[in-house]
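Subject: Structure handover

Hello,

Here is the structure you asked for. My notes on what was found in it follow below.

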Amino acid sequence: ELLLSPLPAGGIAATFQFRTRWDAAPGRVSHYRLFPKALGQLVAARGVRELHLALTQGFWRTRIWGQPPLQAPAGAELWVWFQDTVADVDKAWKELSNILSGIFCASLNFIDSTNSVTPTASFKPLGLANGTDHRLLRYAVLPREVVCTENLTPWKKLLPCGSKAGLAVLLKAERLFHSSYHSQAVHIRPICRDASCQAVSWELRQTLTVVFENFSGTQGKKDWSLFKMFSRTITEACPLASQSKIYVDTSVKDKELVEVTPSPTSLHEAIVQGEKRTYAVYDLLSPSLFNTSRSLNVQLKMTWPQDSCYIHYQPAQDRRRPHLLEMLIQLPANSVTKITIQFERALLKWTEYPPDPNHGFYFLPPSGALVPSVIAMKELDMEQSPLFTSL
Amino acid sequence: MAAPLVLALVAAVTVRAALFRSSLAAFISERVEVASPLNAWQRVVEGLALLDLGVSPYSGAVFHETPLMIYLFHFLIEYAELVFMVSGLASSDSLWSFSLVQFKKQKLLIELDKYASDVAELIRTPMEMHYIPLKVALCYLLNPYTVMSCVAKSTCSINNTVIAFFVLATIKGSAFLSAIFLALATYQSLYPVTLFAPALLYLLQRQFIPVKLKSKSFWLYTMQYAALYLCSLVVIICLSFFLLNSWDFIPAVYGFILSVPDLTPNIGLFWYFFAEMFEHFSLFFVCVFQINVFFYTVPLAVKLKEHPMFFMFVQLAIISIFKSYPTVGDVALYMAFLPVWSHLYRFLQNIFILSCVIVFCSLLFPVLWHLWIYAGSANSNFYYAITLAFNVGQILLISDYFYAFLRREYYLTHGLYLQRQDGTEAMLVLK
């Protein structure tokens with residue numbers, strides 16, 4: 001899935017999530033199928049029950065952008081729940097960090113006892129678990145780790161279709177690393193195979209969050225498209241995927257409407273982080289999507305609704321008529337609106353000097369009329385209402 | 001020759017770019033010496049904003065630019081700084097080419113037999129004249145007046161460019177281009193119409209048509225040139241009418257230039273007079289002041305008909321001094337021509353005093369403005385005193401050059417060491 005969320009300050013956050021499920025009996029490894037063998041061996045032979053590795057570059061600006069979809073600290077973060085069959089957890093942890101360092105070309109081999117801890121209360125297993133023995137948990141963070149193309153390439157290789165088809169074709173390094181925030185993560189956990197939960201499957205969840213900001217400086221240019229963000233468009237869905245969707249957050253924020261082209265396959269509403277949000281859904285597996293054009297380039301346009309903004313200005317003519325400025329504006333709630341006018345002083349002829357000219361000149365004060373919005377009006381019986389309701 | 005010019009251009013661009021980015025840019029663009037009601041940048045922005053609002057830009061008393069200028073900036077508003085830098089460079093380039101052509105012509109005009117025998121030291125040698133084009137370009141590019149005018153984004157730079165192109169077209173002998181640029185220059189600010197006379201005299205000289213009132217070819221050529229000029233002017237004015245669909249621009253631009261209703265202080269002579277005048281006489285004095293600009297054309301044409309390029313220079317200077325809303329950009333334009341007449345240096349009598357007057361007045365302008373407007377301890381008389389001194393300095397400078405030019409011509413034909421009938425040394429006196 002790809003989730004595109006326009007951010008309040010004009011940027012856009014793209015979150016990819018790829019989930020691969022491996023139906024394997026624990027302990028007996030038979031057939032990897034779509035699950036990457038390198039990670040499968042960690043589960044099968046190294047006694048890893050849950051693995052969460054996140055590589056992040058940049059800083060999620062919560063004050064400007066809002067809540068992040070997936071939290072991760074800057075640098076490399078690794079926390080692992082081992083299976084209870086593991087005898088020496090520290091030795092297994094050291095070996096695991098070396099293996100992961102080799103798989104992801106990151107310097108995770110610097111993880112050792114000097115920077116690993118065993119939290120007792122902060123982390124709980126995210127998958128199926130038979131009780132939580134905290135001695136099987138290890139956590140380490142390397143804040144100085146830098147994420148670059150060498151980390152992205154092995155990450156992409158873990159995907160079933162690689163970067164050749166589906167949503168992963170958008171993941172090109174030259175655009176992803178020119179972003180304000182980049183976070184890629186790998187999560188492995190055991191899940192129920194079906195509703196009855198008789199058997200256990202392994203789920204590999206690969207997520208990548210990237211934030212693009214527009215630094216062009218011109219106000220109001222907040223239009224985004226897949227091509228503008230990734231310099232690629234999607235040509236086909238991954239044939240191995242059972243589900244491939246793009247979600248675009250089209251909720252109205254601060255009176256801004258988001259228009260998406262081409263028209264989405266469907267609309268989806270959900271309550272996210274306490275707010276009701278609307279998502280436009282593009283289903284890449286539906287045949288109608290690639291019917292009209294061979295490639296899909298989702299475009300977002302931010303538009304302000306055209307409410308009445310009326311300005312009438314009649315400039316002055318010296319010694320003949322004054323300025324007239326009438327404006328109809330909507331004042332946002334709980335705010336202060338300032339209107340400034342720049343003026344130049346003119347030299348007066350000697351006959352035009354008023355008495356006591358050093359006193360200065362008077363400006364005509366503005367007069368305003370408040371037009372209450374229709375929603376706040378109540379029906380009033382005008383004949384019986386007392387005086388103060390008409391003020 | 002091209003390499004030093006390129007170096008000068010690079011230096012000029014650097015200076016302007018540095019000033020654009022500094023905090024001085026805002027300060028300079030507010031100075032009344034640099035931005036007049038006719039060519040201030042804030043007024044252009046105001047006019048464009050009024051146009052966007054749907055109101056005619058000329059409905060207020062603020063905007064006095066021509067419609068062609070509005071449309072130029074309508075499309076180039078994002079690149080305004082670049083436009084002004086390019087126009088400055090274009091002017092300097094055309095002035096450079098003008099001096100180059102002038103210098104080449106000078107080489108051909110060495111008619112030694114017409115001159116007296118001992119005037120060899122007065123004739124300009126090619127060695128001396130080699131560096132004049134570069135000096136002209138430098139004099140325009142690095143003149144503080146031009147730099148300030150460009151940084152303030154005053155449309156005076158664009159007017160100067162048009163006039164520079166006109167001068168270049170005239171000296172190259174192309175009557176058609178010269179008429180077109182003169183029409184544009186007149187359309188922008190009314191006064192370059194007086195440059196018609198020197199341009200005509202130069203083109204006649206180039207065609208070897210003698211200036212005699214009885215000669216048919218003289219009248220024929222004059223009619224041709226005048227027709228070209230008037231037709232281009234009419235075309236440009238009609239184009240402006242169609243751009244904005246009204247004739248509002250004529251009273252707003254030309255009526256404003258001629259009737260001087262806005263009395264914002266500037267480096268000219270009009271504002272104080274009209275602020276202190278009785279209403280009864282204002283029309284009379286407006287006419288007198290405006291005639292003053294146009295009046296000198298005829299006597300100068302009679303005196304300088306053999307030397308139309310010098311006439312052009314003096315006419316430009318007269319326009320810059322006596323126009324209704326002069327700015328330092330106009331002063332910079334005629335000052336760029338001074339290196340062309342550097343051979344007159346030995347005949348100039350007051351050059352030191354006059355250059356001191358001009359420099360000191362330029363430095364005192366902001367001081368007295370501050371004292372008048374902000375400190376409140378001076379009044380408009382102080383500022384007008386400096387304006388008067390500055391203009392008197394300019395007038396004396398031009399008359400000094402004029403006198404020097406006439407003296408040199410006299411010496412060329414009568415010999416350098418004048419002698420009276422009885423053999424004693426004679427002095428040349430202007431009567």
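In which strand of chain A is Arg138(A) found? Arg138(A) belongs to strand E6 of chain A; helices (H or I, at least four residues) and strands (E, at least two) are DSSP runs, numbered from the N terminus.

Before the rest, the ground rules. This is a predicted model, in which local features need pLDDT of at least 70 and side-chain atom pairs count only at pLDDT 80 or more, while totals for chains, interfaces and linings use all residues. Residues are numbered from 1 along each chain as its sequence is written, chains are lettered from A and ligands numbered from 1 in the order in which they are written, and side-chain values use heavy atoms, with hydrogens and water left out.

Chain A as a whole

Chain A contains six helices and 16 strands. Of its 391 residues, 38% are buried, where buried means under 20% relative accessible area, exposed over 50%, and partly exposed in between (1.4 Å probe, protein chains only). The accessible surface of chain A is about 24200 Å², and carbon and sulfur atoms hold 54% of it; the areas come from the Shrake-Rupley method with a 1.4 Å probe, and for residues only the protein chains shown count as cover. Among contacts in chain A (heavy atoms within 4.5 Å) with a separation of 6 or more, 68% are between residues 24 or more positions apart.

Strand E4 (residues 75-82) of chain A runs antiparallel to E6(A), and six bridges join the two; strands pair if DSSP finds at least two bridges between them. In this pairing Val80(A) is opposite Arg138(A). Strand E5 (residues 116-117) of chain A also pairs with E6(A) in the antiparallel sense, over two bridges, with Ser116(A) opposite Ala140(A).

Arg138(A) is itself buried, at a relative accessible area of 9%. The side chains of Arg138(A) and Asp90(A) make a polar contact of 2.9 Å. Such a contact is a pair of N or O atoms within 3.5 Å; within protein, one must be able to donate a hydrogen and the other to accept it, and residues adjacent in sequence count only if both atoms are side-chain atoms. Beyond its neighbours within four places in sequence, Arg138(A) touches several residues, including Leu78(A), Trp79(A), Phe82(A) and Trp93(A).

Aromatic rings

Rings of Phe, Tyr and Trp (its six-membered ring) pair if their centres lie within 6.5 Å; planes under 30 degrees apart count as stacked, over 60 as edge-to-face and the rest as tilted. The count over all chains is 53 aromatic pairs. One of them is Phe218(B) with Trp219(B), edge-to-face at 5.2 Å between centres and 65° between planes. Phe218(B) is buried at 8% relative accessibility, whereas Trp219(B) is partly exposed at 40%.

Phe256(B) and Tyr325(B) are stacked, because their ring centres are 5.1 Å apart and their planes are at 5°. Phe256(B) is in helix H13 (residues 249-259) of chain B and Tyr325(B) in the loop between helices H17 (308-322) and H18 (328-335), so the pair ties together parts that are 69 residues apart in sequence. Phe256(B) is buried at 5% relative accessible area, and Tyr325(B) is buried at 2%.

Regards
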